[in-house]
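I opened the model to look up a few local details and then the wider layout. My notes follow in the order in which I took them.

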Amino acid sequence: MSATMPTAAPVLAVDGLVKHFPVTRGLIRRKVIGMVRAVEGVSFDIARGETLALVGESGCGKSTTGRLVLRLMDPTAGSVRFKGSEIADLDKQSLRQLRRRMQIIFQDPYASLNPRMTVGEILIEPMAVHGLHTEAERAERARELLAVVGLLPEHARRYPHQFSGGQRQRIGIARALAVNPDLIVCDEPVSALDVSIQAQIVNLLQNLQRQFGLSYLFIAHDLAVVKHISDRVAVMYLGKLVEIASKRDLYDRPLHPYTQALLSAIPRPDPRVRKTRMLLAGDVPSPFAPPPGCRFNTRCPFAQDRCRREEPLLREAGNGHRVACHFYETIPAPVIAAADGPAAGKFAERLAAFEAAKQARTSLSY
Ligand SMILES: Nc1ncnc2c1ncn2[C@@H]1O[C@H](COP(=O)(O)OP(=O)(O)OP(=O)(O)O)[C@@H](O)[C@H]1O
Ligand code: SF4
Ligand SMILES: [Mg+2]
């Protein structure tokens with residue numbers, strides 16, 4: 001079985017997920033003047049014990065996808081199956097049960113921790129809400145959870161403001177673990193932290209995953225952050241997945257120009273490795289009025305007429321690696337290679353060949 005295909009029945013199966021937010025005008029008689037197309041037909045699976053990273057620039061729909069998975073909002077269309085059950089079909093009681101199995105960790109732990117509750121109370125609350133354990137057991141489990149995330153039992157008596165950012169994120173993780181979840185949506189859990197603390201939290205999440213068989217949907221806007229934690233990576237642009245692959249395939253052989261641009265923005269510590277920087281021109285277009293055809297065409301250095309007319313579908317490119325680009329087979333691969341390796345220096349050559357081919361195609365079409 002390929003590394004990109006879940007080996008067992010997936011814990012989570014998302015299919016054709018869509019979320020449109022109405023945009024209104026007028027203070028009293030609010031009139032809907034259009035829709036923000038935040039999520040436009042997103043599909044993916046996550047297996048037990050697997051981490052799928054969801055990466056893309058700000059506003060591309062990552063958090064909305066995470067919230068739809070947890071049913072914190074209703075989708076416009078599409079299906080979310082958790083352990084085989086369609087969550088839209090669940091009654092209130094079953095949805096409450098499910099909420100226990102799926103948890104979320106937020107980017108800003110301070111904003112998500114009640115400042116008037118002690119850490120012990122914060123950890124006990126979700127257990128009480130779901131009717132887990134006796135009162136004494138809950139207090140004991142809260143102390144255990146603190147140890148699991150690298151804090152001390154006496155921290156249970158303190159308040160959130162008495163902790164550093166990294167420690168607060170540990171509390172957020174302990175709170176998510178309190179109810180024994182199967183899946184945790186980690187919505188940019190390290191983005192607000194210093195780089196050294198980021199590594200500690202990522203390591204903690206990996207250790208907990210091994211210990212408890214957790215599955216993660218790990219949201220980030222940067223491919224550098226997810227390199228160590230992900231098994232597979234899904235790249236999102238303006239509400240759509242543009243590429244999904246195993247970590248290895250995605251970092252070694254990025255096929256979509258947007259993924260290539262995101263990867264080329266990561267600084268490389270090894271000076272013997274050189275790469276071509278691919279800068280993205282312009283801002284992300286508005287999801288209120290996404291460009292026709294390929295949504296990336298306004299910023300893609302390889303865009304052609306067809307890209308402005310026809311939307312590329314996510315296609316299989318081998319080994320479970322899927323990409324949504326009409327021309328991925330012919331666009332030049334970026335050079336990410338040892339300076340004296342065989343790929344070095346080939347990029348300019350391939351780009352020139354591509355430009356020539358493009359010219360030939362353009363002149364044929366007139
Ligand atoms: N409740 C809402 N009402 C209206 N529009 C919304 C709502 N929530 C999100 N949006 C819009 O949907 C789009 C996607 O937002 P989302 O928060 O999912 O992006 P994101 O990828 O998580 O961005 P970031 O990296 O900044 O967190 C944005 O244009 C956002 O303004
Ligand atoms: S379909 Fe066209 S615009 Fe879109 S990524 Fe591919 S080459 Fe670029
Ligand atoms: Mg977000």
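**Entry 1: a loop residue.** I began with Arg-71, which is found in the loop between helix 1 and strand 4; helices (H or I, at least four residues) and strands (E, at least two) are DSSP runs, numbered from the N terminus. The model is predicted, so I kept to its limits: local features need pLDDT of at least 70, side-chain atom pairs count only at pLDDT 80 or more, and totals for chains, interfaces and linings use all residues. Residues are numbered from 1 along each chain as its sequence is written, chains are lettered from A and ligands numbered from 1 in the order in which they are written, and side-chain values use heavy atoms, with hydrogens and water left out.

I looked up the backbone of Arg-71 and found phi near 60°, a positive value in a residue other than glycine. Most residues other than glycine have a negative phi. Is Arg-71 buried or exposed? Arg-71 is buried, with a relative accessible area of 18%; buried means under 20%, exposed over 50%, and partly exposed in between (1.4 Å probe, protein chains only).

**Entry 2: two asparagines.** I went on to Asn-319, in the loop between strand 12 and strand 13. Asn-319 is not a glycine either, yet has a positive phi of about 60°. With a relative accessible area of 43%, Asn-319 is partly exposed.

Asn-297 sits in the loop between strand 11 (273-275) and helix 11 (305-309). I noted a relative accessible area of 10% for Asn-297, which is buried.

**Entry 3: ligand 1.** I counted a shell of 13 residues around ligand 1, with Ser-58, Gly-59, Lys-62, Ser-63 and Thr-64 the closest; a residue is near a molecule if one of its heavy atoms lies within 4 Å of it. By class the shell has five nonpolar, five polar and three charged residues. Here Ala, Val, Leu, Ile, Met, Phe, Trp, Tyr, Cys and Pro count as nonpolar, Asp, Glu, Lys and Arg as charged, and the others, Gly among them, as polar.

I then looked up polar contacts (a pair of N or O atoms within 3.5 Å; within protein, one must be able to donate a hydrogen and the other to accept it, and residues adjacent in sequence count only if both atoms are side-chain atoms). A polar side-chain atom of Ser-58 lies 2.5 Å from an oxygen atom of ligand 1. For Ser-63, the distance from a polar side-chain atom to an oxygen atom of the ligand is 2.8 Å. An N or O atom in the side chain of Glu-188 is 3.4 Å from an oxygen atom of ligand 1.

On its own, ligand 1 has 640 Å² of accessible area, and the protein covers 61% of that; areas come from the Shrake-Rupley method with a 1.4 Å probe, and for residues only the protein chains shown count as cover. Strand 2 (31-46) and helix 1 (62-69) are the elements that give two or more residues to the shell. Helix 1 supplies the largest share, three residues.

Entry 4: I traced an open sheet of eight strands in the order 6-7-8-3-9-10-13-12, with mixed pairing; two strands pair if DSSP finds at least two bridges between them. Strand 6 and strand 12 (315-316) stand at the edges with a single partner strand each, so one side of each has no neighbour in the sheet.

Strand 6 pairs with strand 7 (residues 183-187) in the parallel sense over four bridges, and Ile-104 stands opposite Val-185 in strand 7. Strand 9 (residues 232-237) and strand 10 run antiparallel, joined by six bridges. Their hairpin has two residues between the strands, and Leu-238 there takes a positive phi near 45°.

Ala-234 stands opposite Ile-244 in strand 10, and the bridge partner of Ile-244 in strand 13 is Arg-322. Strand 10 (residues 240-246) has six of its seven residues buried, so it is largely enclosed by the rest of the structure.
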